Amino acid sequence: MHALRLRRHPNVVVILSRRYTTGEARRSARSRPSGEPALGAPTNQSPVSQTVSLARLPKTKAKNFQSLHFRNTTPGSSAKLVTDSFQLHRPTAQKPYPNSEWYTDPTHPIHTCSFKDVPKYESAFFKIRAYPFARLAPHSSNVPNPYTEEMKKERRKSQIPMSLIVPMTPYSLHKSGAIRKVVRSRLKEALRLVVVRGARGSDPCEANSAILDESDAAPEKWVMKDWTYVFKPTMALYKIPMPTIVDEIRIGLRSVKSMAEKLEARWQRTAAPATRDVTRTRVPDRRPPTKSSRGVPTVQHDYTGKGEYKSYAGMDKVYMVGPEGTGKAIIVIYDIFGFFPQTLQGADLLADAVGARVLMPDFLMGKPWPADKFPPQTKVEEAQLQLYFGTTANPLLTMPYINRVAEELKKEGATKVGVLGFCWGGKLSVKCGSQSWVDGVAAIHPAMLTASDADNIQVPLALFPSVDEPVEEYEGMVKALSDKPWSDKNAYKVYPSVSHGFAAARADLADPDGKAQFEDVYTRTAAFFKNVFES
């Protein structure tokens, strides 16, 4: 397990993580003077129970909240909620609320939502679902209700309630009850660290550290009031360092809260009475819809690319679309899933909107990562994905092919060349920003970027992250480029209502909001390249 230690810092408190075996824990205990515990280490030296405890951290300076409270905070039964959350008995996701009279508040609009509208987040470490209290079932008459007014009064004012459900069974997690207890404990402590202490695991000095930043601690920032959170952990949560759990919790809570706030706003708009302006009469437009209001052709759910596949610049397969001889070209670097209809449609939209030749080479050489293996669910799949990024999808091995395509474009008369990348390709597009042949680079929901990647960029940058990306890092990139002579051409927008992959292979164009954000990001990307190419 991971014993956690504290290191003093002038402004923040840093938690260092180290893995101990049983023998190491004993040797560490023998090396200390008798009676002197390790700073930040739990009193119980059993390796199974070694997890960080907030009681051993310096007290928070916040007056209105001191801790996160989980007991007696769920005003109803969660048995059916857990079943619906992870579809334990349904092979398909239809509407999960067929009998709203089963719930504590049958009139709540949550019962009219489809399953895909439920705020959720998934990673290799856990899955999250969130529901309003109205989605809970009433307590049985023969079971005492733990959520009473007396219980609420006994809770201290400094205790912030969070309704948390962590379903774990010997079949879903591990047969050992002790291991399941440790997983539950680590999850709760990570939640406390994030919500109460503003913890984050991105200390540049220590790769395996977490920083307690109380300026980022606010319950209303991380947790929805009167909502129940259902966490389904995996065994990875038992082994990874606490700072990694903290970072995943931050991303998950932020994503779920953004989706929940959007859902509540939609319910309020639906409940508001509609007003009609009788002084104006709207004449229906009977023309066929050829363009959307966002300036790009209407996005289609089922799509076949307009371009064609050719061999180019020594590469066997390159998707090419758009007019030739315009002197403008855009190299598109797909995500690790390769050629998908959604990504091809985005390339077609750019070609039409910018009036440029768009090329999407097969940089993965016919070996894309299987979409059904992402995110990885086991440690083996995680290791396979890391190996994939080190071999087939290694950015250092891909850059020579990008340069080769750009050189061929220049030979054919292209005077303006841009690069667009998604996810893994976003890292490559930003690396292209230091090349002499490029005029502008764009990255949509990029991965593996840090603020230091902005140091070598010599051309305008468009950056469009989703809620799942480390926005702080990307804001640092934008700030670092703000004093460049071409900074007025930069573009930046965060998409808080959609998740990673919303503009490429994982785009959900059947969802109205997913489709709207897809159109919006391609409109902004097209406007960026048009602005860069016209200068």
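Which residues of the largest nonpolar core touch the most other members?

## Core packing

This is a predicted model. Its largest nonpolar core holds 83 residues. Ile330, Ile331, Leu409, Leu420, Trp424, Trp437 and Met477 touch the most other members. Helix H13 (residues 512-534) supplies the largest share of this core, eight residues. A second, separate core has 48 residues, including Phe70, Phe125, Leu212 and Leu263.

Leu409 has contacts beyond four places away in sequence. Its partners there are Tyr312, Ala329, Ile331, Leu359, Ala414 and Val417.

## The open sheet

Eight strands make up an open sheet with mixed pairing. Their order is E11-E12-E14-E13-E15-E16-E17-E18. Strand E11 (308-312) and strand E18 (491-492) are the edges. Each has a single partner strand, so one side of each lacks a neighbour in the sheet.

Strand E17 (residues 461-464) and E18 run parallel, joined by two bridges. Ala462 sits opposite Ala491 of E18.

## Helices on the sheet

H13 packs on the sheet and touches E13, E15, strand E16 (440-446), E17 and E18. Its direction makes about 165° with that of E16.

Helix H10 (residues 395-411) lies across E11, strand E12 (315-321), strand E13 (328-333), E14 and strand E15 (416-423). H10 runs at about 165° to E13.

## Arg357

Arg357 belongs to strand E14 (residues 357-361). Is Arg357 buried or exposed? Arg357 counts as buried because its relative accessibility is 12%, and the cut-off for buried is under 20%. Leaving out residues up to four places away in sequence, Arg357 touches Lys310, Met320, Val321, Gly322, Pro323, Glu324, Thr326, Lys328, Ala329 and Ile330.

Technical notes
Residues are numbered from 1 along each chain as its sequence is written. This is a predicted model: local features need pLDDT of at least 70, side-chain atom pairs count only at pLDDT 80 or more; totals for chains, interfaces and linings use all residues. Side-chain values use heavy atoms; hydrogens and water are left out. A nonpolar core is a set of buried Ala, Val, Leu, Ile, Met, Phe, Trp, Tyr and Cys residues joined through side-chain atoms within 4.5 Å. Buried means under 20% relative accessible area, exposed over 50%, partly exposed in between (1.4 Å probe, protein chains only). Helices (H or I, at least four residues) and strands (E, at least two) are DSSP runs, numbered from the N terminus. Contact means heavy atoms within 4.5 Å. Two strands pair if DSSP finds at least two bridges between them. Axes are lines fitted to C-alpha atoms, for helices over the stretch in contact, and angles run from 0 to 180 degrees between N-to-C directions.
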